[in-house]
Amino acid sequence: MDTFLLIGITGIGLGALYFLVASGLSLIYGLMGVLNFAHGSFLTVGAFFGLWFSTQVVHVSNTWTFIGAMLIGGVSAGLFALLVERVVITKLYERHIDQALVTVGIALVVGAVLAGWFGNDLRLLPTPPWFINTVNIGSAHIPVDRFLYIAVAVILLISNIALLRFTRIGLIIRAGVENRRMVTALGINVRLAFSTVFFLGGFAAGVGGVLVSAYSNGVSPLIAGTYLIYGFIVVVIGGMGSVPGSFLAAMIIGVIKQYANYYSPGLGDFVVVFLLAGVLLVRPQGLLGKVKA
Amino acid sequence: MTLRWKYSRPLLAILVALLFSAPFLGSNPLSHPGLQQTMAVAFLYGALALTYDLLFGYTGLLSFGHALFFASGMYFAVLFINHDVLVWWLAAIAAVALSTILAILIGSASLRTGGITFAMVTLAFAEAGHVVISRNFGGLTNGENGIALNADKVPQIFIGVFNTKYLFWIALATLVFVYLVIWWLTESSAGRVFAALRDNETRVSVLGLKPSRFKLLSFVIAASLASFIGVVMLMVSGSAAPRFASSDVTISLLLMVILGGAITRWGAVIGGIIYSVATTRLQDFSQSTALHSIPQIIRGPISEPTFTLGLIFIFVVMFAPGGLSGAYYALRLKVISRK
């Protein structure tokens, strides 16, 4: 029972990390039709800025440093995403395949630059002392960092939903995901919505980068690899363009993966891909996705 | 009006004949085993890029899972050979057959989606395959270390530095074979349907043809050719390794096809050969002393081959979408229209 609970909560924590990557991917795809292979590099850029902040700027590792690292990581990754969108993506307006291809190129170049500067070895990211504590639920000892990941993901989910529901730009984004041509035809400037979505997606990925580094005990240019692929899987299962769908799918995948890996190491990735195939056969538009007209 | 230069085919035939006889023609660069090995690998990547061009360029299917079939051919073959299940040539046939079945299964599941979703789904399948191989799932693949081909169980002419020229020939023959198959296929009536699917899928179904069947046909043919190339790569490199299954391979195939130019056949081949040689050469270059005077902040990225290739790739996608072959045809058009 203890192990069951431990694995379950770790799974939800892992799902939270997947969600941080997937939320941006999903919105960017839903609004602009861009499959963003550079999203992994947003995560890495955020992680490196977080590392820079918590080792070069401040020299104490407490809770505030970590929160600062998350914010710095998020903002820097968001700005980087904005730069990518402005300089590269918008130049390839409506050429969806080329946009996907060019993000592959960006991912390669960013990976090479970071590897050239910092090497591919893990660099330790300082974490607050309480990170190694455990919380007792019944007789299970759950590492406390899992709850942090879940909390950050929930905060981002709620603020994402709030932004999409209650602000004007959110309204434009939602309308754009539904039918971008119509929004443009009505004379509304969707470019601002594009930039917002890229910044927000980059921000979430950057925060995710700092958390992923904390989870895997360090920063390296290679940390994004599996998270990007899981992000894609989450987006497809959850439904393109649906943030709550991504959240649901991320949690399901995180939990199933952890249980399967406990049963037999390596089985998790396999089960997730079968889940993906199953969802596609039964519901090609994903769990909460809408069929586009 | 055709843009093809009328002497291009005879010249190509002469070039292939020259390459075939190069290891015999006295002392030339290709009579050294080192370059023979490099070129054998480059030919195979050229062939693999060509199969990807069939999928991505001709049929318009952006698959991120092509490396899976390349690796599956390789791994099935090495397992059958090393465990004495089948004699080497039967093992090769069985590996291609099993990979084809795998391609039919994965293809029919992922082709229920289209466009960008298809790219993600194929990526997920390939990544699952990569995990199975690299984590030693089921205890057969020996994880990250890969499996060395047991030298006693293949004919001796494939083994040893002195025999590298035979591997060179086999790789070149594989490239020619794959080229001929894809040439024949893309000029056949099925090939016309592939192109039509890429340009306007609705129209194909209005004409009474089933798009899903032709997509699956293209997917499966490309995959089984890739698995065959995987078997040959096993012979040339002497081992099966998880890096051949990683999505990086598919991404480099994409780079090869884009750099060389899609939908021209020879563009993909040239792209594959140049890319393969360039990654080897750029790695040597990064270790050279000429770079030491450059400050680390610039030297670091330059010493990574993916930096240069990635930048060129971004440039080609944004400003020269036809790649090398596209540039060549644009030049031909100018020459012809001047007459």
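This is a predicted model: local features need pLDDT of at least 70, side-chain atom pairs count only at pLDDT 80 or more; totals for chains, interfaces and linings use all residues.
Residues are numbered from 1 along each chain as its sequence is written, while chains are lettered from A and ligands numbered from 1 in the order in which they are written.

Chain B holds 14 helices and two strands; helices (H or I, at least four residues) and strands (E, at least two) are DSSP runs, numbered from the N terminus. Along the principal axes, the C-alpha atoms of chain B fill a box of roughly 55 × 50 × 45 Å. Of the 339 residues in chain B, 48% are buried. A residue is buried if 20 or more other C-beta atoms, placed from the backbone, lie within 10 Å of its own, exposed if 12 or fewer, and partly exposed in between. Two residues are in contact if their C-beta atoms, placed from the backbone, lie within 7 Å. Among contacts in chain B between residues at least 6 apart in sequence, 76% join residues at least 24 apart.

Where the two chains meet, 36 residues from chain B and 35 residues from chain A take part in the contact. On the side of chain B, the elements giving two or more residues are α5 (115-134), α10 (247-260), α12 (296-302) and α13 (305-319). The largest share, twelve residues, comes from α5(B). This side of chain B has 26 nonpolar, six polar and four charged residues. Here Ala, Val, Leu, Ile, Met, Phe, Trp, Tyr, Cys and Pro count as nonpolar, Asp, Glu, Lys and Arg as charged, and the others, Gly among them, as polar.

In chain A, strand β1 (residues 134-137) runs antiparallel to strand β2 (residues 140-143), and four bridges join them; strands pair if DSSP finds at least two bridges between them. A:Asn136 has A:His141 of β2(A) as its bridge partner. The two strands β1(A) and β2(A) form a hairpin with two residues between them, and A:Gly138 in the turn has a positive phi of about 60°.

A:Tyr215 lies in helix α8 (residues 191-215) of chain A. A:Tyr215 counts as buried because 22 other C-beta atoms lie within 10 Å. Leaving aside neighbours within four places in sequence, A:Tyr215 is in contact with A:Leu17 and A:Asp145.
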